[in-house]
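The structure is shown first.

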Amino acid sequence: MSGNEKLKAELARWSAGVEKSLAKHPERRERFVTGSKAPVERLYTPVDLEGRDHLEDIGLPGEYPFTRGVQSTMYRGRFWTMRQYAGFATAEESNKRYKYLLEQGQTGLSVAFDLPTQIGYDSDHPLSAGEVGKVGVAIDSLADMEILFDGIPLDKVSTSMTINAPAAVLLAMYIAVAEKQGVTPDKLNGTIQNDILKEYVARGTYIFPPEPSMRLITDIFAYCSKEVPAWNTISISGYHIREAGSTAVQEVAFTLADGIAYVEAAIKAGLDVDEFAPRLSFFFNAHNDLFEEVAKFRAARRLWAKVMKERFGAKSPKSWMLRFHTQTGGSTLTAQQPDNNVVRVAVQALAAVLGGTQSLHTNSRDEALALPTEESVRIALRTQQIIANESGAAETVDPLAGSYYVESLTNRIEDEAWNYIRKIDSLGGAVKAIEHGFVQQEIQDAAYAYQMDVESGERVVVGLNKFQVKEAAPEGLLRVDPSVGASQAAKLEALRAKRDSARVEAALASLKAASKSDANLMPPIVEAVKAYATLGEICDVLRATFGEYQQKVTI
Amino acid sequence: MERTIRVLVAKPGLDGHDRGAKVIARALRDAGMEVVYTGLRQTPEQIVQAAVQEDVDVIAMSILSGAHNHLFPRVTELLAEKKVDDVLVIGGGVIPEGDYEFLKSKGIAAIFGPGTPTATTVEFIRTHLKR
Amino acid sequence: MGDRGAPDPEGVVDLIRAGDARTIARAITRAESGDPGVEAALRLLHRHTGKAHVVGVTGPPGSGKSTLVDKLVKTYRERGLSVGVVAVDPSSPFTGGAVLGDRIRMQGRALDEGVFIRSLATRGSLGGLSKACAETVRILDAAGYERVIIETVGVGQSEVDIVKLADSVLLVSVPGLGDDIQAIKAGVMEIGDVFVVNKADRDGADRVVREIRAMLETAWVNTGAGGRLIASGGAHHAASPSNTAAGVADEDPHAFLAKLPPVLKTVAETGEGVGALVEAVEAHRAKLVESGLLEERRKANAAAELKAALAARVLARLEAGPAGAELLRLAGELATRERDLYDALETLEGILSASGSPLAGRSGTNPGQAGD
């Protein structure tokens, strides 16, 4: 400690000198803050880390509390999975895009579904009008899923599906397609998002109320732990919470609070924590403040490890590990001077890599304008490949550890996230906090403050409120063929005529019975899917039993 | 007489991204307007019915899913069917500039893309009211 | 503003009575903003009102009122009754703006022509809101809506005043708001005709029910008053000043309990208990009608409305006349302690009596004549 005493004396001397010179050479601003508006000091030194224990707080890679990463060799073993979220209009087109991406060196698939699919409506439902195929692929039945993965060996790829409320149905379809390829469920690798709580607060594609939704989720946990053991059964997502306007701290806190709620639900449903916890995965955002973002990922890992070990008494180290996917921040992209977004994405992707992500999606420069073109997607993927192969960031484990600044930020984010988690606990947990509107209100306040800072010029967004240029409307944007809705509807009509309707009826009837009992819903859903019951039909059965969620609105 | 401006902020379609809609709702409120917020997943029929019952001066819609060319014009069509000609209709969200012309021809008075300051929208409303 | 419907009051009234949504909505806007152009129509409309049964719903924030109202509307619709809803939300005291979000929770009724939902902001002045709300109710009433529900946050006197416009008042409570019934205690308890414990699937619901019952019994015994309280229980005791604890004790305890307002449990989210709640409201309505109390209550409400309107008008005219300047001057002297309140009042009263009635000389109240 005597070293710090000497340092403190030196610091005091140095600070006095700096303060004096400020009159002549003032700093750029009075207050410096991070991207999330946390204060930033002029200088960080070992004094800022006083009272911290290196082994306890930071430790070693691959070991509790995993601050430095979940694997001991990290990217020296292999790079993160480069996984670009993609899905276009029809299963046929998406299938083509997946094959293209695999040829380009992408190592995992990520399926984007259109909104009707995400909300459990068939393409010919009145509410689907205008939305079919717009933000992803339209899947109405197993027939579409068969086309989507045609020629893609499901035992060789890992597939991430961004699907939440009807996750059980899409997973069932995936299992059924694999079976037709001769691949048994135990060979399947991938992730379903399956995170309903953040849908209520940030993303909006909910169907059922919280309670039956949590049941569907724990049913999936239970089913997969036996039948599809390598599947990541949930991707607990902070990404959308951040997109909705939260701060970095809120992203960590609300995501982990959701995680706690899922673990509690699963334990309550009678599952053993070490049986399902290793299959939990997370999904975070990466914004522009490089150091804060890196610290965020490190803090999240440490926090989750403590939660799992201390709160839930998990014994397996695999249960303690927070493994996560990262996507660069969509809301940071500007419609103005869209090529600048390539640079933003590079910084954000670097943050994710320095933060130890397991997989990464880099956004395309034109996403503030429309769905990305093939060229833009390629640049985005190349950005990852440059970081991996040229930047050197992947050559050693957790290279920013020991930075006084990054370690201080990591500590602060963890502390503040704990405060939120305690607050949410006092409200009765994440589900209750959401029902109260607490989480929504916190996010919206942050979103509004951000907007006001941009409008006042307090926060500079290059090309948007500073360094603007006159520019022509961008050209060559991707357009979704508006006839997709009609062609999906025609496909549905043909399917309904062709399929064995008695088998469909029977499957839906047993699903209905199961929904009213305590039985696991996965087996009857798999049966219904195999009978070519449509997504809408299956969800309608569940809607009838469970009811629909009514949005809790806070402004 | 000083009349309070009433605005319906609506999310047509299925997309659940309401950050922008809520930020604008709050900004309009802070500009002294009364904002009726509809919540997510509104059909054009619901939006028009709410606009009529609430007698709003403005309908402000936000879409990020790409369904704007279908849903925005449905709203103005329904307004026309009901002979409502004094409501200002504006839109926002992720909408390619190439679509602005089409939407304007369908009676959407202005489109506010990503990055538009809320003050711009407030000012536009104040200067373009139809009654 | 546009002038659709303005020139012809009879036409406006006909359209309102025919249920034309745009005319109804525009008339509400005009009444709300105090537009004198709508006065003629409101006058004509008045004789077509009084048919709707007006139900006030109030309770603390977070008690699930909007969802409950949605389910009430649904239940009424299933019984073939058309429903108007007036949802009141507070305006910001700083900017005057407001976010009116109650409509969201009533989306279940969207597109049903038998339902008209209107959101009102409080817009600062309490008297103004009461008036706007009363006019809105009358317009919906004249338009043929058979039940009109007023929904407002029960946090202050203004809300209490609004909800008093109703024939039947529902006080909504909910378990788990800390001091459970605190929120409806102060000054609000006595206006309830039907008590609702919503979110009754939560822990503590039965305790809240017991607490409300206990308070009702105490109030009944102690005061023998709370005119509305007793009115909802049974007509004959309403005006009896001898309704002391001793008097009550003589009665059959079952009869006594039967006179207390009902306390019902609901789970608005699922609709549980809402059917029984509608029954209770309808029973209250039947009782009011049978006993003649409905007329009495409406008379009292009308008197209150008239007084408030008169006070507002007198004050407005006073401020516009010579006394207005004097008032401001006196207020200044009051503030600097040169004068006391009573002194100032006497001075103003002197001016008023010198100029005769404050309403003297007003000739523009009849729209048929030239204005002043």
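A salt bridge is taken here as a side-chain nitrogen of Lys or Arg within 4 Å of a carboxyl oxygen of Asp or Glu. The model is predicted, so local features need pLDDT of at least 70 and side-chain atom pairs count only at pLDDT 80 or more, whereas totals for chains, interfaces and linings use all residues. Residues are numbered from 1 along each chain as its sequence is written, chains are lettered from A in the order in which they are written, and side-chain values use heavy atoms, with hydrogens and water left out.

Over all chains, the count comes to 75 salt bridges.

| Pair | N to O distance |
|---|---|
| A:Arg42 and A:Glu27 | 2.6 Å |
| A:Lys530 and A:Glu179 | 3.1 Å |
| B:Asp15 and B:Lys11 | 3.0 Å |

A:Arg42 and A:Glu27 both lie in the loop between helices H1 (2-22) and H2 (54-58) of chain A, so their contact ties together parts 15 residues apart in sequence. Helices are DSSP runs (H or I, at least four residues), numbered from the N terminus.

Accessibility is classed by relative accessible area: buried under 20%, exposed over 50%, partly exposed in between (1.4 Å probe, protein chains only). A:Arg42 is partly exposed at 39%, and A:Glu27 is partly exposed at 34%. A:Glu179 is also partly exposed, at 43%.

A network of salt bridges links B:Asp55, B:Asp57, B:Asp86, B:Arg131, C:Arg22 and C:Arg26.

Conventions: Helix = DSSP H or I, 4+ residues; strand = E, 2+ residues; numbered from the N terminus.
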